[in-house]
Amino acid sequence: MKKIELNDISVSYITGDFSTTGLKDVIIQKLKRTYEKKEFMALNGITFSLEQGELLGIIGTNGAGKSTLCKVISGIMRPTKGTMSVKGSIASLLELGTGFDPDLTVKENTFLRGALLGYTKEFMNKTYDSIIDFAELKEFENRKFSHLSSGMKSRLAFSIACLVNPEILILDEVLSVGDGAFRKKSEAKMLEVIQGGATTILVSHSLAQIRRMATKVLWIEKGKQIDFGETEEICDKYEEFLKKK
Amino acid sequence: MLNSIKENIHKIKKYQFLFSELVKRDFKKKYKRTILGMFWSILSPLMQLAVMAVVFTKFFGRNTEHYIIYLFSGNLVFSFFKDATNGGMHALMQNANIIKNINVPKYLFMISKEVSACINFGLTLIIYFLFVAIDGIPFSWNFLTLIYPIACLLIFNIGVGFILSAMFVVFKDVQYLYEIFTQLLMYVSAIFYTVDVYPDKIQLVFFINPVYSYIAYFRSVVLEGAIPPLWHHLLCFGYAMIMLITGMVIYKKNNYKFMYYI
């Protein structure tokens with residue numbers, strides 16, 4: 001069964017002075033007829049599909065559009081062109097550690113994040129202890145969130161997001177969270193979810209990791225799809241490309 | 001339209017937990033770690049009232065009975081409008097980091113701000129009634145009808161919040177333009193002066209301003225002890241509905257674009 005299907009997906013941002021100036025300037029520019037929109041294609045014609053249980057590795061240099069693609073698949077961002085279907089519950093781990101409130105305590109933030117991810121109150125009351133234990137932050141639970149180190153923040157974010165077993169898992173550069181010990185633990189947890197049959201999308205700059213884990217690879221560059229297919233073949237090509245640069 | 005309202009109510013129910021967490025967060029942030037805490041939010045309108053009373057009683061208050069309450073009614077309603085719409089305007093941008101990384105209905109952030117502003121208004125309302133009692137105005141069952149303009153104003157604020165939050169994402173200068181706008185709106189809302197110096201026809205022109213309509217309802221009930229006529233009720237409701245529907249349409253049309261600007 002196809003779990004994820006993307007058809008000619010494009011995303012274009014409107015750039016230019018637009019967002020930096022403001023309403024006044026746009027009105028004046030429109031009156032003077034000097035108003036123009038510039039577009040920037042963050043993604044341009046991405047097409048691929050994934051079966052249940054597959055693990056897709058996304059590779060490409062910085063600014064290729066990998067994170068934008070993750071946002072499109074998670075439903076956070078709507079593509080400007082193209083069609084897609086994504087079936088099943090999604091857990092997406094993007095930019096871990098952001099979006100927390102620095103003034104609230106760790107405990108309050110945990111509940112807020114849980115609510116944001118769509119968990120119920122009962123579920124949070126029940127699983128709060130295991131979240132905090134997994135993140136190893138028990139002694140910090142009543143401290144202000146801003147007192148945590150960035151590693152701790154990511155650990156907490158990871159622990160909250162990974163407690164449910166989603167059908168689709170989207171990981172944007174998050175398998176390197178925390179210190180050595182926690183990394184091991186989080187990778188193990190991740191593998192548990194993946195082996196449970198989740199369809200996974202993994203963005204990583206570590207080719208070794210992609211080769212080890214991915215069943216398919218998508219290579220994008222400057223928003224354009226370079227290749228999609230078998231892991232070894234594309235990873236080899238990508239390595240060639242990196243050497244030439 | 002009715003269906004989409006129904007749908008949204010259903011969604012809100014689904015996100016009830018998130019919603020209560022967001023409102024809680026607004027409150028904790030506002031009152032935590034300030035010594036005066038909750039007292040602050042009451043103190044600020046009171047100080048504003050005190051200054052206005054000192055300055056304006058000489059000019060406008062001589063011919064007006066219960067001038068302090070007259071002033072307070074206007075201030076109370078206008079502050080609610082101003083705080084709620086300002087909060088709504090910033091709601092999306094303040095939560096940009098969340099919106100960028102988690103798929104969650106964005107308008108919940110805006111509506112939670114409106115609700116916190118409403119609770120805040122409720123606190124000031126208690127003080128207001130305290131003043132009413134001190135000023136020797138007898139309480140009557142008519143006061144219960146004040147729930148009506150408050151509910152209408154809440155809906156009205158949500159509508160304005162939809163529009164402003166959508167505009168603010170794209171145009172960052174909206175906050176300054178809106179500040180000027182509210183300032184001007186305050187002057188035409190008859191907060192510290194009375195409108196009876198104008199002929200009857202001109203007095204009706206004031207009702208073009210929705211906020212004035214809500215203020216007038218308050219004054220009519222509290223100061224004159226009279227429930228306003230039917231047309232006044234319809235006007236209050238009409239403004240709320242028009243604003244809500246306009247806001248929802250504008251928001252719905254633009255909401256997927258937000259991600260490109262945040």
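Predicted model: local features only at pLDDT ≥ 70, side-chain atom pairs only at ≥ 80, totals over all residues.
Trainee: How many helices and strands does the secondary structure of chain A come to?
Mentor: Chain A has 245 residues, of which 38% count as buried, and its C-alpha trace spans about 60 × 50 × 35 Å along the principal axes. Its secondary structure comes to 8 helices and 9 strands.

Trainee: Among contacts in chain A between residues at least 6 apart in sequence, what percentage join residues at least 24 apart?
Mentor: Two residues are in contact when their C-beta atoms, placed from the backbone, lie within 7 Å. Among the contacts in chain A whose partners are at least 6 apart in sequence, the share that joins residues at least 24 apart is 76%.

Trainee: How many of the 11 residues of helix 3 of chain A are buried?
Mentor: A residue is buried if 20 or more other C-beta atoms lie within 10 Å of its own, and in helix 3 of chain A the buried residues include A:Val106, A:Phe111, A:Arg113 and A:Leu116. The buried residues of this helix pack against helix 4 (121-135) and helix 5 (150-162) of chain A, together with helix 2 (16-31) and helix 5 (96-101) of chain B. Helix 3 of chain A is therefore largely enclosed by the rest of the structure, and the number of its residues that are buried is 10.

Trainee: Which residue just after helix 3 of chain A takes a positive phi?
Mentor: The place to look is just after helix 3 of chain A, where the backbone takes a positive phi of about 90°. The residue with this phi is A:Gly118.

Trainee: Is A:Leu163 buried or partly exposed?
Mentor: A:Leu163 lies in the loop between helix 5 and strand 6 (168-172) of chain A, and, leaving aside its neighbours within four places in sequence, A:Leu163 is in contact with A:Thr127, A:Ser130 and A:Ile131. Being buried takes 20 or more other C-beta atoms within 10 Å. Because A:Leu163 has 19 C-beta neighbours inside 10 Å, A:Leu163 counts as partly exposed.

Trainee: Which residues have the most contacts inside the largest nonpolar core?
Mentor: The largest nonpolar core has 122 residues, and its largest share, 13 residues, comes from helix 4 (residues 67-94) of chain B. Not counting residues up to four places away in sequence, B:Val77 touches B:Leu153, B:Val211, B:Tyr214, B:Ile215 and B:Phe218. The residues with the most contacts inside this core are A:Leu93, B:Val77 and B:Tyr214.

Trainee: How are helix 3 and helix 6 of chain B oriented to each other?
Mentor: Helix 3 (residues 38-60) and helix 6 (residues 107-134) of chain B pack at an angle of about 60°, with their axes 9 Å apart, and their crossing is right-handed. The contact is made by B:Ser41, B:Ile42, B:Pro45 and B:Leu46 of helix 3 and B:Asn120, B:Leu123, B:Thr124 and B:Ile127 of helix 6, and these residues divide into 5 nonpolar, 3 polar and no charged. Angles of 65 to 115 degrees count as roughly perpendicular and those under 35 as roughly parallel. Helix 3 and helix 6 of chain B are therefore oblique.

Trainee: How many charged residues are in the contact of helix 6 with helix 7 of chain B?
Mentor: Helix 6 and helix 7 (residues 147-170) of chain B pack at an angle of about 140°, with their axes 10 Å apart, and their crossing is right-handed. Helix 6 of chain B brings B:Met110, B:Ile111, B:Glu114 and B:Cys118 to the contact, while residues of helix 7 of chain B including B:Leu154 and B:Phe162 also take part. The contact divides into 6 nonpolar and 3 polar residues, and the number that are charged is 1.

Trainee: Is the crossing of helix 10 and helix 11 of chain B left-handed or right-handed?
Mentor: Helix 10 (residues 210-223) and helix 11 (residues 230-254) of chain B pack at an angle of about 140°, with their axes 10 Å apart. The contact includes B:Tyr214 of helix 10 and B:Leu235 of helix 11, and its residues divide into 6 nonpolar, 2 polar and no charged. The crossing of helix 10 with helix 11 of chain B is left-handed.

Methods:
Residues numbered from 1 in each chain as written. Chains lettered and ligands numbered in written order. Axes fitted to C-alpha atoms, helices over the stretch in contact; angles between N-to-C directions. Helix = DSSP H or I, 4+ residues; strand = E, 2+ residues; numbered from the N terminus. Parallel < 35°, antiparallel > 145°, perpendicular 65-115°, else oblique. Left-handed = near helix turned anticlockwise from the far one by under 90°. Nonpolar A, V, L, I, M, F, W, Y, C, P; charged D, E, K, R; others polar. Buried ≥ 20, exposed ≤ 12 C-beta atoms within 10 Å, placed from the backbone. Core = buried A, V, L, I, M, F, W, Y, C linked by C-beta atoms within 7 Å.
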